[in-house]
Amino acid sequence: MNPYGRCASTAISNTLHLSPVRRSTSVAVHKDRSCAVTGTDRSGDIDVPSFAVLTVSRRSSVPASGRGRPVRTLVITGGTQGIGRALALHYLSRGDQVIAVGTNQVKGEALLTEADRLSAGDRCSFLSADLSSPTMTIRLADRLRTEHPRIDALVFGAFRYQTKRQETAEGIERTLALYVLSRYLLAEELRTTLERAPHPVIVNLCGTGSRAGRLRWDDLQLRRRYRPFAATMQGARANDLLGVAFTVEHPDSPVRYVLHNPLFVNTGLAEPFRQPTRTAVSIIAKLFAAPVDRAIQPIVERIDTPPEPALSAFQARRPIDVTGPGFDPGAARRLTITLRNLTINGAAA
Ligand SMILES: NC(=O)c1ccc[n+]([C@@H]2O[C@H](COP(=O)([O-])OP(=O)(O)OC[C@H]3O[C@@H](n4cnc5c(N)ncnc54)[C@H](OP(=O)(O)O)[C@@H]3O)[C@@H](O)[C@H]2O)c1
C-alpha cells in the first residue's frame, strides 16, 4: 500500500481490464521492410493509426561501450525531435543504448540514419506510439519491460501544443493525456525496471519554476473553456505534482525524479501552428531561444549524476524549491487519484 491508501501498480493493471478502449494490436515494421501485425482489438478490427505500436528498429545485440563502463539504456519520449533528439544523439555518441519514442515514422527513420552516421545504429531503436492514448502508453511500457530488463534513465520529452481542444479515442482531453497522464503511467509502469539500474533517474522536461497556470480541479479536461496556453500551463503545474507524487508514493525507491524546465529552446515549437503564425514562431525562436545543444548540457549532467534528493527541480541550471505551494503532497495525491480514475474510466471520469 502506498501512503495514499492504494496500490498504484494494482490500480494501473486494473486499467488493462477495465478500460473500455480497444487494445492488443501491434504492428512491427522492420528495417528490411517486413511487417508483422500481431493481436487484434476487442472488436476484431485492426485500427493501426490509433492503437498500434509501430516499430522501426535497427537494434540487434547491444555491444559493450568499449569505454570501460557498462552500456546504459535510456528511454526518451519525444526522442525524435528537439531536446529529446539531441539527448538521444548525445548518448548514442557516448556508447549508450537509446530507445526513442514518437509518432512520426519519418522522424524516426531520420534519427536512425543519424545514428548510423555515428556508427550507433545497432544501439538505437525507434518506437512509434501515440502517448496521448493511455492504452498505447501501457502497451509501450509492457513492451519496454519485456525487451529491457534494466532502464537507466527515462526522459519525458513528448509534447505537442494543442491549439484547439481535442479528445483522444478514449475521450480524454489531449494535452492532459499526453503531457500529464502518459508521464504518470510510464513512471509507474517502468519504476521497477528503473530500480534495477545502479543510478536510475527520471527526467521530466516540463515548465517547473513558473508561477503561471493552475489546476482546474472542477474541469481538468477544460470542457467548459479551452485555451491552449492555460491547458499547457495546467500541465506544467500537474507535472510538478507528478514529481511529488512519485517520491511520496515510493519513498524507498532509488529512482531520482528530476523536474527540468529547459526554458526557451529552439526546437519544433512552431510545428503545431498554421501560417503565418508558424513562420513568426520560427523566427522568434531563432532569434531568442537557446540552441538545443546548449540546452541539453544541464540535462546531461543530471542524467550522468542524478541529484541526491529523491525530488529536485531546475530551470536550466537554477534549482527550484520543491517545498513551495505548487508542490503540495495533498494536491499530488488528489491528482494521482484523478489520473487513475481517468485511466480506468476514460471520458466518463
Ligand atoms: N522548447 C522549449 O522552449 C521548451 C520550454 C519548456 C519546456 N519544454 C519541454 O521540453 C520537452 C521537449 O520539448 P521540445 O521543444 O524539444 O519538443 P519538440 O521539438 O516539439 O518535439 C516534441 C516531440 O514529442 C513527440 N510527440 C508529440 N506528440 C506525441 C505523441 N502523441 N506521442 C508520442 N510522441 C509525441 C514528437 O514526435 P512526433 O512528431 O513523431 O510525434 C517529438 O519527438 C517538452 O516536454 C516540452 O514541454 C520545452
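Let's start with contacts along the chain: counting those between residues at least 6 apart in sequence, 75% join residues at least 24 apart. Please keep in mind that this is a predicted model. The protein chain has 349 residues, and buried residues make up 45% of them. As for secondary structure, you'll find 10 helices and 11 strands in the chain.

Now, over to the ligand. Which residues come nearest to the ligand? There are 31 residues around the ligand, and the nearest are Gly-78, Gly-82, Gly-102, Asn-104 and Gly-268. Two elements give two or more residues to this shell: helix 3, spanning 82–93, and strand 5, spanning 97–102. Helix 3 gives the most, with 3 residues. If we sort the shell around the ligand by class, we get 15 polar, 13 nonpolar and 3 charged residues.

Finally, let me show you a pair of helices. Helix 6 covers residues 174–194 and helix 7 covers residues 228–249; their axes come within 9 Å and cross at roughly 10 degrees. Because angles under 35 degrees count as roughly parallel, helix 6 is roughly parallel to helix 7.

So who makes the contact? On the helix 6 side, look for Thr-175, Leu-176, Tyr-179, Val-180, Arg-183, Tyr-184 and Ala-187. On the helix 7 side, they meet Ala-231, Thr-232, Gly-235, Ala-238, Asn-239, Leu-242 and Phe-246. By class, this contact of helix 6 with helix 7 has 9 nonpolar, 4 polar and 1 charged residues.

Key: Residues are numbered from 1 along each chain as its sequence is written. This is a predicted model: local features need pLDDT of at least 70, side-chain atom pairs count only at pLDDT 80 or more; totals for chains, interfaces and linings use all residues. Helices (H or I, at least four residues) and strands (E, at least two) are DSSP runs, numbered from the N terminus. A residue is buried if 20 or more other C-beta atoms lie within 10 Å of its own, exposed if 12 or fewer, and partly exposed in between; C-beta atoms are placed from the backbone. Two residues are in contact if their C-beta atoms, placed from the backbone, lie within 7 Å. A residue is near a molecule or strand if its C-beta atom, placed from the backbone, lies within 6 Å of it. Ala, Val, Leu, Ile, Met, Phe, Trp, Tyr, Cys and Pro count as nonpolar, Asp, Glu, Lys and Arg as charged, and the others, Gly among them, as polar. Axes are lines fitted to C-alpha atoms, for helices over the stretch in contact, and angles run from 0 to 180 degrees between N-to-C directions. Angles under 35 degrees count as roughly parallel, over 145 as roughly antiparallel, 65 to 115 as roughly perpendicular and the rest as oblique.
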